[in-house]
Amino acid sequence: MIDRLEKEVDMLERHLQVLRMVIENEPIGIVKMSNETGYPHHKVRYSLRVLEEENLIEPSSQGAITTEDTVEFVSDLDTKVDEIIDKLEGMKIDEVPEIEN
(Lines give C-alpha, C1' and ligand atoms only; values in the text may rest on other atoms or scores of the structure.)
Protein backbone atom coordinates (compact mmCIF):
# COMPACT_ATOMS: atom_id res chain seq x y z
CA MET A 1 0.00 0.00 0.00
CA ILE A 2 2.69 2.50 0.97
CA ASP A 3 5.02 1.20 -1.75
CA ARG A 4 2.72 2.54 -4.48
CA LEU A 5 2.63 5.96 -2.83
CA GLU A 6 6.40 5.99 -2.57
CA LYS A 7 6.75 5.13 -6.29
CA GLU A 8 4.29 7.89 -7.23
CA VAL A 9 6.21 10.42 -5.12
CA ASP A 10 9.48 9.34 -6.77
CA MET A 11 7.93 9.77 -10.21
CA LEU A 12 6.49 13.17 -9.27
CA GLU A 13 9.93 14.20 -8.03
CA ARG A 14 11.40 13.26 -11.41
CA HIS A 15 8.70 15.13 -13.32
CA LEU A 16 9.29 18.24 -11.22
CA GLN A 17 13.06 17.97 -11.64
CA VAL A 18 12.60 17.81 -15.42
CA LEU A 19 10.20 20.77 -15.26
CA ARG A 20 12.72 22.74 -13.19
CA MET A 21 15.40 22.06 -15.81
CA VAL A 22 13.11 23.29 -18.59
CA ILE A 23 12.30 26.45 -16.61
CA GLU A 24 15.96 27.18 -15.89
CA ASN A 25 17.44 26.19 -19.27
CA GLU A 26 14.73 26.49 -21.92
CA PRO A 27 14.93 25.39 -24.61
CA ILE A 28 16.51 22.12 -23.52
CA GLY A 29 16.62 18.66 -25.09
CA ILE A 30 16.30 15.13 -23.79
CA VAL A 31 20.00 14.27 -24.12
CA LYS A 32 21.15 17.23 -22.03
CA MET A 33 18.50 16.56 -19.37
CA SER A 34 19.41 12.89 -19.24
CA ASN A 35 23.11 13.67 -18.91
CA GLU A 36 22.57 16.25 -16.17
CA THR A 37 20.03 14.28 -14.12
CA GLY A 38 21.38 10.79 -14.62
CA TYR A 39 17.91 9.57 -15.60
CA PRO A 40 17.76 7.31 -18.67
CA HIS A 41 16.47 8.90 -21.88
CA HIS A 42 13.19 6.94 -21.76
CA LYS A 43 12.37 8.25 -18.27
CA VAL A 44 13.11 11.84 -19.27
CA ARG A 45 11.00 11.36 -22.40
CA TYR A 46 8.12 10.02 -20.29
CA SER A 47 8.34 12.97 -17.87
CA LEU A 48 8.36 15.39 -20.79
CA ARG A 49 5.25 13.69 -22.22
CA VAL A 50 3.45 13.95 -18.86
CA LEU A 51 4.42 17.63 -18.52
CA GLU A 52 3.27 18.29 -22.08
CA GLU A 53 -0.08 16.58 -21.42
CA GLU A 54 -0.49 18.87 -18.39
CA ASN A 55 0.29 21.83 -20.69
CA LEU A 56 3.29 22.82 -18.56
CA ILE A 57 5.79 22.50 -21.41
CA GLU A 58 5.69 22.32 -25.17
CA PRO A 59 8.15 21.05 -27.75
CA SER A 60 10.09 23.40 -29.98
CA SER A 61 12.72 22.77 -32.63
CA GLN A 62 15.36 23.68 -30.05
CA GLY A 63 13.94 21.54 -27.22
CA ALA A 64 11.30 21.78 -24.50
CA ILE A 65 10.00 25.21 -23.46
CA THR A 66 7.54 26.41 -20.83
CA THR A 67 3.95 27.47 -21.52
CA GLU A 68 1.66 30.17 -20.15
CA ASP A 69 0.36 27.67 -17.54
CA THR A 70 3.80 26.98 -16.06
CA VAL A 71 3.99 30.12 -13.91
CA GLU A 72 0.59 29.51 -12.28
CA PHE A 73 1.41 25.84 -11.65
CA VAL A 74 4.73 26.69 -10.00
CA SER A 75 3.18 29.42 -7.86
CA ASP A 76 0.50 26.98 -6.57
CA LEU A 77 2.87 24.04 -6.14
CA ASP A 78 4.22 24.83 -2.65
CA THR A 79 0.71 25.29 -1.26
CA LYS A 80 -0.46 22.00 -2.75
CA VAL A 81 2.59 20.12 -1.47
CA ASP A 82 2.09 21.61 2.02
CA GLU A 83 -1.57 20.50 1.99
CA ILE A 84 -0.54 16.96 1.06
CA ILE A 85 2.13 16.92 3.77
CA ASP A 86 -0.47 18.00 6.34
CA LYS A 87 -2.80 15.24 5.18
CA LEU A 88 -0.02 12.65 5.42
CA GLU A 89 0.97 13.93 8.87
CA GLY A 90 -2.64 13.36 9.97
CA MET A 91 -2.44 9.75 8.83
CA LYS A 92 0.38 8.85 11.21
CA ILE A 93 -0.38 6.43 13.99
CA ASP A 94 1.78 7.85 16.76
CA GLU A 95 0.90 5.55 19.61
CA VAL A 96 -0.23 2.01 19.18
CA PRO A 97 -1.70 0.26 22.17
CA GLU A 98 -0.18 -3.11 22.91
CA ILE A 99 -1.77 -5.74 20.80
CA GLU A 100 -2.71 -8.85 22.75
CA ASN A 101 -2.30 -12.20 21.07
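Eleven nonpolar residues, three charged ones and one polar one make up the lining of the largest pocket. The model is a predicted one, and in it this pocket holds about 420 Å³ of space. Its lining counts 15 residues, and those closest to the pocket centre are Val9, Leu12, Leu16, Val81 and Ile84. As for where the lining comes from, H1 and H4 are the elements that give two or more residues to it. The largest share belongs to H1, with eight residues.

Val74 is part of helix H4, which runs over residues 68–91. With a relative accessible area of 38%, Val74 counts as partly exposed, because that value falls between the 20% limit for buried and the 50% limit for exposed.

Now for helix H2, which spans residues 30–37 and has Met33, Ser34 and Thr37 as buried residues. These three end up on the same side of H2 because they cover an arc of only 100° around its axis. And what lies over them? Among the elements that cover the buried residues of H2 are helix H1, residues 2–25, and helix H3, residues 41–53. Just past the end of H2 comes Gly38, whose phi is positive, at about 85°.

Definitions and conventions
Residues numbered from 1 in each chain as written. Predicted model: local features only at pLDDT ≥ 70, side-chain atom pairs only at ≥ 80, totals over all residues. Heavy atoms only, no water. Buried < 20%, exposed > 50% of the residue type's maximum accessible area, 1.4 Å probe, protein only. Helix = DSSP H or I, 4+ residues; strand = E, 2+ residues; numbered from the N terminus. Arc of directions from axis to C-beta. Contact = heavy atoms within 4.5 Å. 1 Å grid on protein atoms, 1.4 Å probe; cavity = no way out; pocket = protein on both sides within 12 Å on 5 of 7 lines; lining within 4 Å. Points joined across faces, edges and corners; volume = space filled by probe spheres on them. Nonpolar A, V, L, I, M, F, W, Y, C, P; charged D, E, K, R; others polar.
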